[in-house]
Amino acid sequence: MLHKVERQDDYRHKGLRKQLVDILREKGIKDEKVLAAIEAIPRHFFLDPAFERQAYEDRAFPILADQTISQPYTVAYQSQLLEIKKFDKVLEIGTGSAYQACVLAELGALVYSIERQKKLYDYIGEFFFIKKYPNIKRMYGDGYEGAPSFAPFDKVIVTAAAPYIPPKLIEQLKPGGIAVIPVGDDEGQKMMRITKDKDGSVHEEELGDFSFVPMLTGRNK
Ligand code: SAH
């Protein structure tokens with residue numbers, strides 16, 4: 001499997017990545033730490049070698065099992081909303097290609113990432129690049145349940161379209177924590193930012209329009 005084999009990150013890839021970061025800046029991403037993380041991570045490693053150029057276009061791309069690697073703008077936008085600090089415990093729902101997880105790990109977070117598709121979960125276990133980040137813990141399970149044995153979390157990020165805000169994910173958020181969840185159906189979703197105050201009260205903000213693959217219930221073999 002190609003995925004297991006180390007790949008090159010040369011000056012051309014780095015140049016394309018710089019251009020991508022400029023595009024994200026023009027589109028309104030301001031958090032320099034997030035931009036630096038995107039500049040540091042070879043996104044082409046997450047795609048088949050035949051699609052190296054596409055890796056640095058600002059768009060989502062199909063990966064295994066009918067799933068997608070999120071658009072770089074979306075990854076940057078969600079990461080920026082989370083205001084990641086070093087050693088933040090972050091729960092991610094929807095590991096997918098693990099690109100978002102690597103961006104969070106590069107920002108210094110302790111990432112707990114859940115994937116419901118066994119095939120994808122196993123595939124990422126073989127991925128050479130994931131080994132660079134011992135601060136990513138991956139789990140095979142249903143994201144609606146969260147990860148109660150590792151709760152509470154400083155931050156929660158959902159990278160699939162949730163039909164509603166999953167209550168267990170908000171329960172597992174620390175006071176002072178932030179959750180970023182796209183909520184809607186297959187026609188489109190609104191990015192929701194949910195903050196939990198020190199006293200435990202919860203506030204919701206509705207932000208921009210996005211388009212994710214659906215957050216499904218249960219695990220899939
Ligand atoms: N974060 C990913 C984007 C993945 S696309 C990346 O950076 O590439 C969304 C992923 O969410 C898919 O892999 C899908 O299988 C997964 N998913 C959907 N519903 C889920 C659920 N209930 N629990 C865990 N993962 C889920």
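This is a predicted model: local features need pLDDT of at least 70, side-chain atom pairs count only at pLDDT 80 or more; totals for chains, interfaces and linings use all residues.
## Strand pairing

Strand β7, residues 173-185, pairs with strand β6, residues 153-158, in the parallel sense over four bridges. Within this pairing, Leu173 of β7 stands opposite Phe153.

The pairing of β7 with strand β8, residues 188-196, is antiparallel and comprises eight bridges. Here Gly184 stands opposite Gln189 of β8. The two strands β7 and β8 form a hairpin, with two residues between them.

## Aromatic pairs

The structure contains 18 aromatic pairs. In one of them, the ring centres of Tyr112 and Phe150 lie 5.0 Å apart with the planes at 35°, so the arrangement is classed as tilted. Because Tyr112 belongs to strand β4 (residues 110-115) and Phe150 to the loop between β5 (136-140) and β6, this pair ties together parts that are 38 residues apart in sequence. Tyr112 is buried, at 14% relative accessibility, whereas Phe150 is partly exposed, at 27%.

A further tilted pair joins Phe127 and Phe129, with 6.2 Å from centre to centre and 50° between the planes. Phe127 is buried, with a relative accessible area of 0%, and Phe129 is likewise buried, at 7%. Both residues belong to one aromatic cluster, which is formed by Phe45, Phe46, Tyr99, Phe127, Phe128, Phe129 and Tyr133.

## Charges over rings

Phe153, the residue opposite Leu173, has Lys89 over its face, at 5.4 Å from the ring centre. In another such contact, the charged end of Lys118 sits over the ring of Tyr140, 5.8 Å from the centre of that ring.

How values were computed: Residues are numbered from 1 along each chain as its sequence is written. Side-chain values use heavy atoms; hydrogens and water are left out. Two strands pair if DSSP finds at least two bridges between them. Rings of Phe, Tyr and Trp (its six-membered ring) pair if their centres lie within 6.5 Å; planes under 30 degrees apart count as stacked, over 60 as edge-to-face and the rest as tilted. Buried means under 20% relative accessible area, exposed over 50%, partly exposed in between (1.4 Å probe, protein chains only). A charge sits over a ring if NZ of Lys or CZ of Arg is within 6 Å of the ring centre and within 35 degrees of the ring normal.
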